[in-house]
Amino acid sequence: MKIIVGIFSSIIIGLMLLVIMPYLNDYLQSTKFDSEKWILSQKETESNEQLRWSMRRDLLKNYHLKEKSKEEIFKLLGKLTNEFGNKIYYNLGPATIGINMGTLEIEFQNNKVKIYRIFSG
């Protein structure tokens, strides 16, 4: 009976690690936001393809995008990837979880940031 409980426990712990590890890895690979590095990373290379994704947490936590003007956003983040209506988009590169690509969407109202979102998919 002890062997069965041990095997079952090992399987449960293994499955939990499979679920938790990608999120833990993503958290541990976070990088301090650097506007110059962000802007230079527009020319994606293998060495910097995840740089923007790893900077996103610090960017959103410490740079208070809400209420910034478009000019302030462009100065901070550089050239946008795409624009549609009152929304602009920045490619964040591959997310560390699976094969998903990250995108930062910034929505403006009266030339000020109304809301911003991160998409991974």
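Reader: Where does asparagine 110 lie?
Author: The model is predicted. In it, strand β3 covers 101–109 and strand β4 covers 112–120. Asparagine 110 belongs to the loop between β3 and β4.

Reader: Is asparagine 110 buried or exposed?
Author: A residue counts as exposed over 50% relative accessible area. Asparagine 110 has a relative accessibility of 74%, so it counts as exposed.

Reader: What is the phi of asparagine 111?
Author: Most residues other than glycine have a negative phi. Asparagine 110, not a glycine, has a positive phi of about 55°. Asparagine 111 is in the loop between β3 and β4. Its phi is also positive, near 65°.

Reader: Which strands stand at the edges of the sheet?
Author: Four strands form an open, antiparallel sheet in the order β1-β2-β3-β4. An edge strand here has a single partner, so one side of it is left without a neighbour in the sheet. The strands at the edges are β1 (82–84) and β4.

Reader: Which backbone oxygen does the side chain of serine 54 reach?
Author: Serine 54 is part of helix α3, residues 51–62. Its relative accessibility is 11%, and buried means under 20%, so serine 54 counts as buried. At 2.8 Å, its side chain reaches the backbone oxygen of leucine 51.

Conventions: Residues numbered from 1 in each chain as written. Predicted model: local features only at pLDDT ≥ 70, side-chain atom pairs only at ≥ 80, totals over all residues. Heavy atoms only, no water. Helix = DSSP H or I, 4+ residues; strand = E, 2+ residues; numbered from the N terminus. Buried < 20%, exposed > 50% of the residue type's maximum accessible area, 1.4 Å probe, protein only. Polar contact = N/O pair within 3.5 Å; in protein donor to acceptor, adjacent residues only side chain to side chain. Pairing = 2+ DSSP bridges.
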